[in-house]
Amino acid sequence: MIDFKLNEERCIKCGKCIADCPPKCMVMEEGSFPSITDEAKCKRCQHCLAVCPTAAISILGADPDLSMDLEHELPTAHSMETLIKGRRSIRKYKSKALSTEKIKKMLEISWHAPTGTNAQGVLFTATMTSEATEDLRRMTYSRLGEVVAEMDPEKNDLVSTYMRNSHKAYTEHGLDIIFKDAPHILIASAPKDIPLPKEDCIIALTSFELLAQSMGVGTVWNGIFTWCLEEVLPELTRKLGIPENHALGYCMTFGAPAVKYQRTVQRTPGEMNLLSSLK
């Protein structure tokens, strides 16, 4: 049930909900109010709720009066440019964990990121305390030591090299290459049977990363730990409570940064394939 409701006193019959409905399952006969003719076709995208100028539509139990007003809330183009260009990969963190409330808020907002066919299947798995992250850190390096000991010393592919170097740096020098001594780890996964599980996870983590920057939280895309879970220590995904039917998207390290950058960098011009016409 999609629980579609229309406040007829607010509805001005402008037809914007009809025109913007992606699956075209809404109709408005002459002289009547908008309605949904085929609930099975509804994508549950809530476009109708979002586009209505008078907040007359409720769907999926959502109250339009509780939605955020977009008229004065969107960032400027300049502030978005600063956010994107000013984003840095943070590899030095303060040891103190973020508050539970802050982490939950960041995850809830980031979960609004778009997903293929509106599957909304992304699962965020996060360590909420520095103690939990430390447990994961010790578990990872302990198991990694066992795996590295059994590795063919002649095997020099990228993953094997990183695993050996990371374990050696930790055990011999106390350097945490994998987790960067961060207080939190975030893992995005999604059911394998949805259309785009990995892509949905990357989009969600990108949203998380930019939001984190705006809230004074540092992040880094953690490819080494992603390799650990996908190729070297897959049993850790079960320890973390990630469902067996999930595809791993990517991992991200986050926490309060111990370094502050003062300005954007100046990268070389991006490659562009600009087409004016096709003949």
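**Helix packing and the core**

Author: Helices H5 and H6 are oblique to each other. (Angles under 35 degrees count as roughly parallel, over 145 as roughly antiparallel, 65 to 115 as roughly perpendicular, and the rest as oblique.) This is a predicted model: local features need pLDDT of at least 70, side-chain atom pairs count only at pLDDT 80 or more, and totals for chains, interfaces and linings use all residues. Residues are numbered from 1 along each chain as its sequence is written, and side-chain values use heavy atoms, leaving out hydrogens and water.

Start with the geometry. Two packed helices are described by the angle between their axes and the distance between the axes. The H5 and H6 axes come within 10 Å and cross at roughly 120°. (Axes are lines fitted to C-alpha atoms, for helices over the stretch in contact; angles run from 0 to 180 degrees between N-to-C directions.) The names come from DSSP runs numbered from the N terminus: helices are H or I runs of at least four residues, strands are E runs of at least two. This crossing of H5 and H6 is left-handed. (The near helix is then turned anticlockwise from the far one by less than a right angle; clockwise would be right-handed.)

Now look at who touches whom. H5 brings Glu134, Arg137, Tyr141, Leu144, Gly145 and Val148. H6 brings Met163, Arg164, Ser166, His167 and Tyr170. (Contact means heavy atoms within 4.5 Å.) By class, the H5 and H6 contact has five nonpolar, three polar and three charged residues. (Ala, Val, Leu, Ile, Met, Phe, Trp, Tyr, Cys and Pro count as nonpolar; Asp, Glu, Lys and Arg as charged; the others, Gly among them, as polar.)

The H6 and H8 contact holds eight nonpolar, one polar and one charged residues.

Seven of its ten residues are buried, so H8 is largely enclosed by the rest of the structure. (Buried means under 20% relative accessible area, exposed over 50%, and partly exposed in between, with a 1.4 Å probe and protein chains only.) The buried ones are Gly223, Ile224, Phe225, Thr226, Cys228, Leu229 and Val232. What do they pack against? Helices H5, H6 and H9 (235-239), along with strands S6, S7 (218-221) and S8.

Next comes the largest nonpolar core, with 22 residues. (Such a core is a set of buried Ala, Val, Leu, Ile, Met, Phe, Trp, Tyr and Cys residues joined through side-chain atoms within 4.5 Å.) Met163, Ile178, Ile187 and Phe225 touch the most other members. H5 (130-150), H6, S6 (184-191), H8 and S8 (246-255) each give this core two or more residues.

Take Ile187 from that group. Neighbours within four places in sequence aside, Ile187 is in contact with Leu123, Phe124, Thr125, Phe225, Leu229, Leu240, Ile242, Leu248, Tyr250 and Cys251. Another core, of 21 residues, lies apart from the largest one. Among its members are Ala190, Ala204, Val217 and Phe254.
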